Amino acid sequence: MRKLENAKFGAIVVRGVEEGGRTCINGLPFVSPAIRMLGRFQKLKSLKHDNLCACLDLIRCRSASNLVIVITEVHSTRLCDILNNSFSPKVIQNFGYQIADALYYLHSQNILHSNLSLSNIIVLDDGKRLRLSNYGTSFVANYGADADLSGHSTVFAFSPERFIQETSTLPSQKKTMFGPWESSYFVEDETISAILYDCLKVNPRRRHRMREMMNKLKNSDACDGKDSFVTTIPEMKETIKELHDQKSWQFTSFSIEDAYFLWRLCGATPENILLRNSVIKLKPPLTTLPSIVIEDFTIFGNEKKRQFFVASSIFIFADCNLKSKLSELSVKDLKTSLELSKLGVKSVEPDLSDVHLANLAVIVKEKDALYQAKRMSLLRHLVSAKGFNEAKDFLKSTVRQDNPPVYRNAAWSVLLDVDDSDNFLFWSLNTLQPHPSDRQLDVDIPRCHQYEEMMTSPAAHAALRRLLKAWLLTNERYVYWQGCDSLAAPFLLLNFNRPETALACLNEFIKRYLHDFFLKDNSAIIQEYLTVFNHLLAYVDAPLYSHLAELGFFPELYAIPWFLTCFAHVLPMHKLLHIWDQVLLHDSSFPLFVGLALMRQLRPKLIIASFNDAILLFSDLPDLSIEKIVSCSHRFRSIVPPSCTFRVHDGPWTEKRIANEVEPFNLNRTLIAMTVAELKEMNCPRISSPEFIWRVTQKQICVIDIRLSSEFARGCVVGSVNYPSASRKQLKSIANALKTATRQAYPICIVWGKDHKTAIKFGAMLVRIGRNYVCILDGGFESIRDERTILDVAH
Amino acid sequence: MAARNTGARPGGPNKTCQFKLVLLGESAVGKSSLVLRFVKGQFHEYQESTIGAAFLTQTVCLDDATVKFEIWDTAGQERYHSLAPMYYRGAQAAIVVYDITNQESFQKAKNWVKELQRQASPNIVMALAGNKADMANKRVVEYEEAQAYAEENALLFMETSAKTSMNVNDIFMAIAKKLPIGPPQGETTGTVDMNQPQQQQKGSCCK
């Protein structure tokens, strides 16, 4: 992790070659250069090298669709600023080595610098270290194919062959490495003129490659390359002391990526700042009108007026807002001791403002820089300590309230128990070979989550295709179902530069929450899921269940996309992430509660809806409050007996998972297997006997025994009420018991003897008259006959 | 076909009927786009894929009656095939869609027609829509070929474009005209209640 130190954030504005809006031959809109650049930029984000300034973000301008703003790390001193100083050969060689090292790394990533000039080499404050800046623009612009690079490339640093290639109309060949030419003219010292000479040979085959150049610079006696940066312990102590004496240490201690995220929360958008400072100059729209507009808004005429003037230099943003905000933070806010937390010693006094914030909506918390700063420090600490079980548990309890966006990918990986060893899988697969699902992927990927800017870029399409194919190759039992694309997209977006992690997360997520959903024949699994869901609906909202049942409006008609994709196909990405934040903390039953919470949100409309109104509501889901859905899902999880969610087709993971839970969540949920047809005859869920026994001892259940009074008299559950005439509609004798149970949201459990049918009928009747919380004891009285502790037996 | 009654229809003017219409066809041929264009007058280049099915309604006015379509827009992927009967069961009309730039989708359309002839209600009104007509430069299914097939099988046939809206309303209108306006005929399901009072849909295309 690179600390921010004294870096600032800078912007480079790049102008795409055209605005888009054209249509391709296949009828789909032409992908605008800005979008293509956005996709390509992700690779730059992943570059990590000591001698490269970090590329942080690429933002598409709202006011001018073909402009993009590249945000990058900048420092105040450039090499050209200190050129008048005299340098010893050793320092020069050292500089040369660092530049060569950076270029070598770039070339190994198939990136050509193209803009190496004295003003693009940064000298850090210690005067020893260099960093290249503005190195990615050409790559992002596909070497001129997507953007106007005049002002973004230094042509005299090009090698001859590249000069010819890029100044002609030929598309640039990324693979050819012209490298050493790029850096050759910097190393202007006699002692290394020989190296230089080798670098400037016209024939590329004779020319030194970067690696060779690095070796030469390193081996020559005066230079020991990077080794000169080794610090001794006293030096380190000094640095630490210095750091903490610094005025804005809170700020500088963040990693550069984290600091950028916080900076974005503390002021105007980069675009507005650039507009205000006339880096981007807009013209009055009236003067930019075209002469002709044809068909799908292809425009002609007045092109010149529509071009933007863009300064090619780096614009440096102010960071005083963020600095002053973060100065409110104390060491306690930013440092957490796992050891102290484990001992129950709160390392941080609960801050009143924190308590207040913790209860606010997640969206509000995500926009609060101070809150995020604290959360990010904590999460960074926990994520880097994920190898320790304690840290893992601590992390789980931490993200329960919210998940800082910057650390969501890391936190999810921890929650899904994905570790580095899972990462080899992806690279062992041939994701480029033809696959039977190719045609389906071809038509599905271009329309998957397309409202999300990133997902519209060709880079994202290619990455999603590889991810899905890798998933298919690792799971031979599974096939591609439409919807898998939506399901995989969140993992791709969170791990754009780590497809191996995305795959491991997707695999684990499906294993846990969507076990067997993507079998070629998944009807048994889906049918069971929907039936269980319907039973749970009856349990928490009998009137709604009855109303929908009367309409013939069953979950098959609306809930398949919900559960098949765990809501990925029905909720927009930003909402989905918040739902999954919660799903990942729970067992495989949680999506059922999310489904119930969705129904609760729609209830006011559904309860009075006709069949058509109801289905229209689901075809065009209104804007739903995720906050409400999350809290509602939790509430349902707390009132629904866990064993009611049992599914025969659930994966083995849930069983392992619940072992660590508290009662009643850790009780055995297994129920007697029933076919879907049998399940569908029921109108309420079943409760397992272990949970039943626990609830009786806890007095958290209302037991209605429908056996004959003679049987009841011989032995019955403690506190149960006998209601032998189950068919009779008059419920006076048990009215009080029902009322109490309803008030406390305790299950109303039907205990039966030999006649399961009557129990089902009685359950259905209770649901029909609008009784919530009705369930049936799985296996009936027989299953608890020997449980003396909860039975009253006649002597 | 039983439904072909172009003569005097029973019932007076302004009679309102509801019909269940289902769209079938290979994925990404433009089923959802056709419905979206017909119902809301919109077109999305990147219409997301349909899982299971989507449902929309639209009302059209004929000379002597108002027809309310209850449209079931189904998922195109072969794997969702097993769900299809749930949607076409009891449907009085079906539009089988193919993509004129994709031969396979035309073959798939023929399979759907066969399946409907076998499984759906016998007097179902079927139409064949060759969608994406705006991309005629990439055409692989010839108009004449599709028309000949449609005639053989007594299907309504039009080439449509959800993008330019060419023939979109027309194909629904043509179906409406062929539907038996009058008391319910054939089997009905719980989803179709002919006697229910109507509220006029906003944006209905009364011509």
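Visitor: Where is Asn167(B) found, and why is this residue called buried?

Guide: Asn167(B) sits in the loop between β6 and α5 (168-178) of chain B; helices (H or I, at least four residues) and strands (E, at least two) are DSSP runs, numbered from the N terminus. A residue is buried if 20 or more other C-beta atoms, placed from the backbone, lie within 10 Å of its own, exposed if 12 or fewer, and partly exposed in between. Asn167(B) has 20 other C-beta atoms within 10 Å and is therefore buried. Its phi is positive, about 65 degrees, although Asn167(B) is not a glycine.

Visitor: What makes Ala154(B) count as buried or exposed?

Guide: Ala154(B) has 11 C-beta neighbours inside 10 Å, so it counts as exposed. This residue lies in the loop between α4 (143-152) and β6 (156-159) of chain B. Ala154(B) too is not a glycine, yet has a positive phi of about 55 degrees. Most residues other than glycine have a negative phi, and most peptide bonds are trans.

Visitor: Which peptide bond is cis?

Guide: The bond joining Glu663(A) and Pro664(A) is cis, with omega about 0 degrees. Pro664(A) belongs to the loop between α33 (652-658) and α34 (676-681) of chain A.

Visitor: On what basis are the model and its numbering to be read?

Guide: This is a predicted model, in which local features need pLDDT of at least 70 and side-chain atom pairs count only at pLDDT 80 or more, while totals for chains, interfaces and linings use all residues. Residues are numbered from 1 along each chain as its sequence is written, and chains are lettered from A and ligands numbered from 1 in the order in which they are written.

Visitor: What is the mean pLDDT of chain A, and which of its elements has the lowest?

Guide: On this scale of the predictor's confidence in each residue, from 0 to 100, chain A has a mean of 85, and 89% of its residues reach 70 or more. Helix α5 (residues 180-184) of chain A has the lowest mean, 50, among the elements of that chain. Over residues 169-180 of chain A the pLDDT is below 50. Where pLDDT is low, the predicted coordinates should not be read in detail.

Visitor: Why does the span of α2 (residues 89-108) of chain A agree with expectation?

Guide: The expected span is 1.5 Å times one less than the number of residues. For the 20 residues of α2(A) this comes to 28 Å, and the end C-alpha atoms are 28 Å apart, so the two agree.

Conventions
Two residues are in contact if their C-beta atoms, placed from the backbone, lie within 7 Å.
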